[in-house]
Amino acid sequence: MSLTEIAAELLTLNTVCMRGVVIFPGVSATFEIGRKASVNAVREAVNEDGLIFLLCQKDASEMEPREKDLHTVGTIARVTHFTKLSNGNYQVVVDGLFRGIAERVAVFGDRYVSTVSVFNPENTIIHPDEETDAIHEVMSAFTGYLKYIAKPVPAVLERIKEMDSADELGDFLANEFLVKSEDRQEALSTVDPLTRLTVIADIFSRETDLLDTENEIQQKVRVRLQKAQKDMYLREQLNVIKQELGMGYDDDDDGDEYYEKITAANLPDEVRTKLYEENVKLGKMPFGTAEGTVIRNYIETVLELPWNEMSKDRTDVRTAEKILNEDHDGLDKVKERILEYMAVRQLSPELNGQILCLVGPPGVCKTSIGKSRAGATNRKYVRISLGGVRDEAEIRGHRKTYIGSMPGRIINGLKLAGTRNPVMLLDEVDKLTRDAHGDPTSALLEVLDSEQNRTFRDHFIELPFDLSECMFITTANTTDTIPQPLLDRMEVIYMDSYSFEEKMSIAKNHLIRRQLKKHGLSGRTVRFSDDGIAMIIQRYTKESGVRNLEREIASVCRKIAKLFVSDGIKSYRVDENAVRDLLGPEKFLPDLIYDKDEVGVVNGLAWTSLGGEMLRVECVTMPGNGKLELTGHLGDVMKESARAAVSYIRKHCDELGVNKDFHKELDIHIHVPEGAIPKDGPSAGVTITTALVSELTGRTVKQSVAMTGEITLTGRVLPIGGLKEKCMAAKKAGITTVVIPNDNLKDTVKFAQELKEGLEFKPVSEVSEVLKIALNER
């Protein structure tokens, strides 16, 4: 088929999908193919008339492209050579003939076949003047582009000068000088010769601007490097001249970089001497060396530390007490300790900084009280989170010889505070971990020892820093994971759960105001009633602190804000019914006592991370051989308490009126409801014993009585912890009498009057006393 016949027809051609390779008409090109469909297409073309349609893929990574994955404009070419290579691929040599526009591309058998309309440039009418202008424009852009690329061989340039056809020149320039496949495809897809020259000129201009910018940047970098090398050379010459003349360090050298700063700074003599020495080393260092950078960083860090800067303490105890009360409700033990410290400090200004450890459940304001203490004492406040820290260098810092070294968190905190007597809160000290990098709790031993921290040495600073003026406050949820040596260095203050009355006060005075302001509301348009607040506390939260309470109040405010905006409501009163409407069904139902006294069912009291809980213990017996069954997800200690109770009852069968052979004739099953929740601890000992005696004797248990206490085999009742939270749970459930160990009676003295009202405390020393109080007569 002749070229004239080809250009005049709508052809059906075997098609090769090209990946990143664009071939132009009038150009001979060589490429490799390996995909089966491409090989079959070329083989079929060779067997017919040698014509092939080369169509570029939009995405070169697509292995089996569909029609939408291919460009529409490609090149009709004739295959002149087709050879298999040693690597299994095929080499193809083609001559580009015409542009072709794919009308349809489909898979035919094992190859691609396209219906192609041929674009013949001879059919395009071009005005000579317009062609001349277009050629001039592209040659001007090409001349600028040549400045930044490798100069082509003279024969190529001569051939370009001889070309007077816009179509031929455009394809030749695009094939020889366009590198990116996207640019080449854009040139191929532009079928109009004059428009194609404009596109190519724009590409040349864009690449010229980019290369010009890169060249400018490289030139600036080259100038700076030359200047740095010159400075280094002159510095080395100056150092050699000084050494030859025997010149040492001159204290009056005004050219020294850090000398004036070191002299003017308020530093201890030891620190100043050290910095002078480091500055001398810096002056002898070649400019730009890594070691010089380390020394600069060291000098700047040491100069930023507050070696002698201190904030003036507030000594007015009444003002401090007012500030603490404004910030927090409750927390009487912590507030009292802070005010005691301020009073002693006023009488004895030389008193060292105190080290407190606040231990309590989440959400009881352990962290925020530290900030309030800083405000009450007029000191700077620094918070350091230690949760998950496992590297000793986080506390003591890295040695300055290491690349990227820096001071530890203690020194960084002092630098941020700007004084050496801030209130420094070490948060979550119980969550420190250890690994191969060391034990951070061991590093804290020196920090939190008032006798040793006068000369604390950070690995980076390498100079003693006095931490004795700092007020250290640490926080923890438990002391179980704190090493004993570290615990001994701190004064531990246990923070109790908030009572219902304290939560009400905190909600009214702090949480509601804060959330209303945060959500763009005001107390004039949104009013919370007491019953509404109580509803949120008792039915939608179950916690020791107030964190979830604030979240629920925030949820209420969000929903009210939506009503204001969408429904045009002007005011809203949050009462019980409104809380149900806004927050949905109640999340927690009250655990109330039974109306009727029952056999084998006793109200126990337990402490959890969420506060106090009423814990019922149920006991039943059935004929058997003395098997003891314990259910309810009980821990080992609780199971041991049950065995101790059985042994006690066997020992005192006559006194209790129990069959001596009960352990042979009866199976005993003790169950603690809510079996999905793990339960453990010794404080259920008296509860389990009472339930057993009730079941074995048939005597009912007073449901108005709750109890807590550990028992021994001899029947003694030992003290327990968490009594306040347990009594709060008892009062909430409707209990009127609480049986407690005699040794815990002293703890009730500190209970709030609101908690004591309606509760009668019965201290006991023996199990027999418990049974007299809790069991009804037959």
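Colleague: Which residues of helix 4 are buried?
Modeller: This is a predicted model. Helix 4 covers residues 154-162. Taking buried as under 20% relative accessible area, the buried residues in helix 4 are V156, L157 and I160.

Colleague: What covers the buried residues of helix 4, and which exposed residues are on the face turned away?
Modeller: The cover includes helix 3 (128-146) and helix 5 (166-177). The face turned away from the buried side of helix 4 carries the exposed residues P154, A155, K161 and E162.

Colleague: How many helices and strands does the protein chain have, and is the chain compact or spread out?
Modeller: The protein chain contains 28 helices and 26 strands. For 778 residues the globule rule gives 28 Å, and the radius of gyration is well over that, at 44 Å, so the chain is more spread out than a compact globule. Along the principal axes, its C-alpha trace spans about 125 × 90 × 65 Å.

Colleague: What share of contacts joins residues at least 24 apart?
Modeller: Counting contacts in the protein chain between residues at least 6 apart in sequence, the share that joins residues at least 24 apart is 72%. As for burial, the buried share of the 778 residues is 47%.

Key. Residues numbered from 1 in each chain as written. Predicted model: local features only at pLDDT ≥ 70, side-chain atom pairs only at ≥ 80, totals over all residues. Heavy atoms only, no water. Helix = DSSP H or I, 4+ residues; strand = E, 2+ residues; numbered from the N terminus. Rg over C-alpha atoms; globule rule 2.2 N^0.38 Å. Buried < 20%, exposed > 50% of the residue type's maximum accessible area, 1.4 Å probe, protein only. Contact = heavy atoms within 4.5 Å.
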